[in-house]
Amino acid sequence: MYRRFVDKKLQTALAEARVVLLQGARETGKSTLLQQLAAQRGGQYLTLDDPATAGLARSDPWALAQGAGVFMAIDEVQHAPGLLPAIARLADADGRPGRFLLAGSANTIPPPGLAEPGRIRILPLHPLSQGEL
């Protein structure tokens with residue numbers, strides 16, 4: 001496993017913001033990072049590439065978001081934009097930083113309410129660099 005330059009920024013963001021969104025192109029390592037962090041934090045990892053999970057995220061985003069325990073990592077969030085407002089409501093109700101780690105393509109844009117200061121931190125993830133290799 002490679003040590004990524006974004007690791008320190010990601011840990012800081014999770015300590016400060018209620019929701020962290022990791023954005024990047026395909027094959028940059030977003031899924032791997034989410035899976036690792038979910039395992040390290042004793043949380044759950046979900047991917048909206050899974051048809052059943054994506055279906056629930058679209059039909060009842062509140063139910064999916066409420067299933068979050070201490071930490072939930074959700075990959076491919078661009079497949080269910082309606083999930084983001086539900087996550088924002090839960091993040092506001094709880095207030096603890098680092099409860100949600102999301103990942104999506106570079107064009108994933110959080111709704112205006114989610115982008116308020118302190119609520120979300122957006123970090124870009126670039127392909128592996130020579131220094132990381």
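Where is Gly29 found? Gly29 sits in the loop between β1 (19-23) and α2 (30-40). The model is predicted: local features need pLDDT of at least 70, side-chain atom pairs count only at pLDDT 80 or more, and totals for chains, interfaces and linings use all residues. Residues are numbered from 1 along each chain as its sequence is written, and side-chain values use heavy atoms, with hydrogens and water left out.

The protein has 5 helices and 5 strands. Helices (H or I, at least four residues) and strands (E, at least two) are DSSP runs, numbered from the N terminus. Along the sequence the pattern is α-β-α-β-α-α-β-α-β-β. Of the 133 residues, 44% are buried. Buried means under 20% relative accessible area, exposed over 50%, and partly exposed in between (1.4 Å probe, protein chains only). The protein exposes about 6800 Å², of which carbon and sulfur atoms supply 55%. Accessible areas come from the Shrake-Rupley method with a 1.4 Å probe; for residues, only the protein chains shown count as cover. Among contacts (heavy atoms within 4.5 Å) between residues at least 6 apart in sequence, 80% join residues at least 24 apart.

Helix α1 spans residues 7-16, and its buried residues are Asp7, Leu10, Ala13 and Leu14. Seen down the axis of α1, these fall within an arc of 125°, so they line one face of the helix. The arc is that of the directions from the helix axis to the C-beta atoms. They pack against β1, α2, β4 and β5 (120-124). Lys8, Lys9 and Ala15 are exposed on the other side of α1.

Helix α3 (residues 51-59) buries Thr53, Ala54 and Ala57. Down the axis of α3, the buried residues lie within an arc of 95°, so they line one face of the helix. An α-helix has 3.6 residues a turn, so residues three or four places apart point the same way. Cover for the buried residues of α3 includes β2 (44-47), α4 (61-66) and α5 (83-94). Pro51, Ala52 and Ser59 are exposed on the other side of α3.

Helix α5 has 12 residues. From first C-alpha to last, α5 reaches 17 Å, close to the 16 Å expected at 1.5 Å a residue. The expected span is 1.5 Å times one less than the number of residues. Leu83, Leu84, Ala86, Ile87, Ala88, Leu90 and Ala91 are buried in α5. What covers them includes β1, α3, α4, β3 and β4 (100-104). Just after α5, Gly95 takes a positive phi of about 85°.

Strand β3 (residues 72-75) contains Asp75. Asp75 is buried yet has no salt bridge, that is, a side-chain nitrogen of Lys or Arg within 4 Å of a carboxyl oxygen of Asp or Glu. The nearest side chain of opposite charge, Lys30, is 6.0 Å away. Lys and Arg count as positive and Asp and Glu as negative; His and the chain ends are not counted. Leaving out residues up to four places away in sequence, Asp75 touches Ser31, Leu34, Tyr45, Leu46, Thr47, Leu48 and Ala103.

Glu76 lies in the loop between β3 and α5. Glu76 is not a glycine, yet has a positive phi of about 65°. Glu76 is buried, with a relative accessible area of 13%.

Glu27 lies in the loop between β1 and α2. Glu27 also has a positive phi of about 65° although not a glycine. Glu27 is exposed, with a relative accessible area of 75%. Gly29 is partly exposed, at 23%. The C-alpha atoms of Gly29 and Leu125 are separated by 7.8 Å, across 96 residues of chain.
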